[in-house]
Amino acid sequence: MEVEIKSVKKEDNVLTATLGLIRQSVELAELSADVYEHLQTPMRFIEVAVPVEMDDGKIKVFTGYRSQHNNVFGPYKGGIRYHHNVTTDSIKALSMWMTLKCSLVDVPFGGGKGAVVCDPYSLSQKEKEKLTRGYVRALGSFIGPETDIPAPDVATDAQVMAWIADEYSTIMREPSFGVVTGKPLAVGGCVGRKEATGRGCFFVTREAAKAFNIPFEHARIAIQGFGNVGSNAAILFAEAGSPIVAVSDISGGIYNSEGVDIYSLLQHVEETGFVKGFPGCEEITNDELLAIDCDVLIPAALENQITGTNADQVKAKIVIEGANGPTTPEADQILKSKNVLVVPDILANSGGVTVSYFEWVQNNYGFRWDLETVNRRLEEKMIDAFKMVYGFYCERCNGFDMRTGAYMYSIQRLAEAMHYRGWLRNGTHKN
Ligand code: NAD
């Protein structure tokens, strides 16, 4: 199947945008310039070459990265992405967002992110396994349960995490499954982890709808990206009765004003690999999906989707950032001027790292929680985080958006920890 490939435009460089936001938030919160100095670059950035013998017998060398941004709260934590369109800047930005996210939802991790530059959709399962194991061997002791703990991200799943746990345990000569989260249950995974990011988006959407007086069960939803985050959020919206009017993935989008039957769509994707061609729906492009008439838009695919060029066409009243970095700063301004509430990625998709934390705790102590406990604790955490950030934004961010509020809150917590660890010479705030 032909798929639409989007490249990151130079003017939408996510690292430049993130640094601008961090700098602005440090200034607005009147924090010391030393705080920005610490946050403006990863503490360590690793690049590795990963040779793989492909199915046709030829050797191909892939490039892998791991960005370890900041560990003031604990081990670096963040997903591993397999994608053709990965840059060093995007991985650095993704690791910064993890630092901010962990701080915001108060889990004792720092920020990290990894990637291998490849076309994951054309790799065989065998090639994917060899690539994963080679990447782990190349990283060696730079990762570990107390050092840096990867998790799933775009095109990596529980099986990939199990290979990582196995390869790392072989290197360490002992079972060491806490090196990674998002594993299958059989090798120390946590019930509810696979669904956790989508579930977190669902809870946050419910809270945002309340704040905006939108009746949640009638809210019309559009979702870009039907992978882990998008599809699991879609199932929960379908269960709640909210009509999902549009869905897309890398193959394009589908639209039905009456609502798409999500369970049949899941089956169609299982059989064909993509949403394209799902019967009973109008075909639309990814750009058209972003401009669909709906109440809630959930970008759950990649960075830089809502931009200065298309933000004006967004009709949703609420944008829930299931993906990391889907909205550019220019688009943020346009959406703010249209009174669209953007619930930022570091809050909206933090359900994943929250349950990853639950998994890591269970691995460390050798016990297991049941699904009800995991989901209840996740729900409490997400509701508390939403209320705290939304309240802070309403009180402190006159003229700014909710992202700025989330950044300010998160960076203040980081500054306090840096201060106590002795990383700041003259206190947390400007003198
Ligand atoms: P995934 O690989 O499971 O799904 C990605 C989806 O996006 C797929 O449906 C794919 O077809 C679609 N897609 C890819 N390129 C696209 C394009 N150019 N246009 C439209 N759709 C495209 O990945 P995922 O784990 O669901 O991650 C999606 C986003 O959520 C990423 O930004 C990721 O960083 C973020 N995220 C994921 C988790 C998690 O737990 N998996 C946690 C937090 C944030």
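Is threonine 354 buried or exposed? I looked this up first. Threonine 354 is buried, with a relative accessible area of 0%; buried means under 20% relative accessible area, exposed over 50%, and partly exposed in between, with a 1.4 Å probe and protein chains only.

I noted the basis of the entries. This is a predicted model, in which local features need pLDDT of at least 70 and side-chain atom pairs count only at pLDDT 80 or more, while totals for chains, interfaces and linings use all residues. Residues are numbered from 1 along each chain as its sequence is written, and side-chain values use heavy atoms, with hydrogens and water left out.

**Threonine 354**

I placed threonine 354 in helix α12, residues 351-365; helices (H or I, at least four residues) and strands (E, at least two) are DSSP runs numbered from the N terminus. Its side chain reaches the backbone oxygen of serine 350 at 2.7 Å. I also listed its contacts (heavy atoms within 4.5 Å): threonine 354 touches Val105, Val107, Leu378 and Lys381, not counting residues up to four places away in sequence.

**Ligand**

I found 23 residues around the ligand (a heavy atom within 4 Å). Among those that come nearest are Asp153, Thr197 and Asn324. The shell divides into 11 nonpolar, 8 polar and 4 charged residues. For asparagine 324, a polar side-chain atom lies 2.8 Å from a ligand oxygen. For asparagine 228, a polar backbone atom is 2.8 Å from an oxygen atom of the ligand. Taken alone, the ligand exposes 820 Å², of which the protein buries 92%; these areas come from the Shrake-Rupley method with a 1.4 Å probe. Helices α6 (193-211) and α7 (228-240) are the elements that give two or more residues to the shell.

**Two asparagines with positive phi**

Most residues other than glycine have a negative phi. I recorded asparagine 213 with a positive phi of about 55 degrees, in the loop between α6 and β6 (221-224). Asparagine 213 is exposed, with a relative accessible area of 69%. Asparagine 304 also has a positive phi of about 55 degrees and lies in the loop between β10 (296-299) and β11 (318-320). Asparagine 304 is buried, at a relative accessible area of 12%.

**Core**

I then turned to the largest nonpolar core, which has 93 residues; such a core is a set of buried Ala, Val, Leu, Ile, Met, Phe, Trp, Tyr and Cys residues joined through side-chain atoms within 4.5 Å. Met402 is one of the residues that touch the most other members. Its contacts include Leu341, Phe386 and Tyr393. A second, separate core of 24 residues includes Val52 and Ile80.

Methods:
Polar contact = N/O pair within 3.5 Å; in protein donor to acceptor, adjacent residues only side chain to side chain. Nonpolar A, V, L, I, M, F, W, Y, C, P; charged D, E, K, R; others polar.
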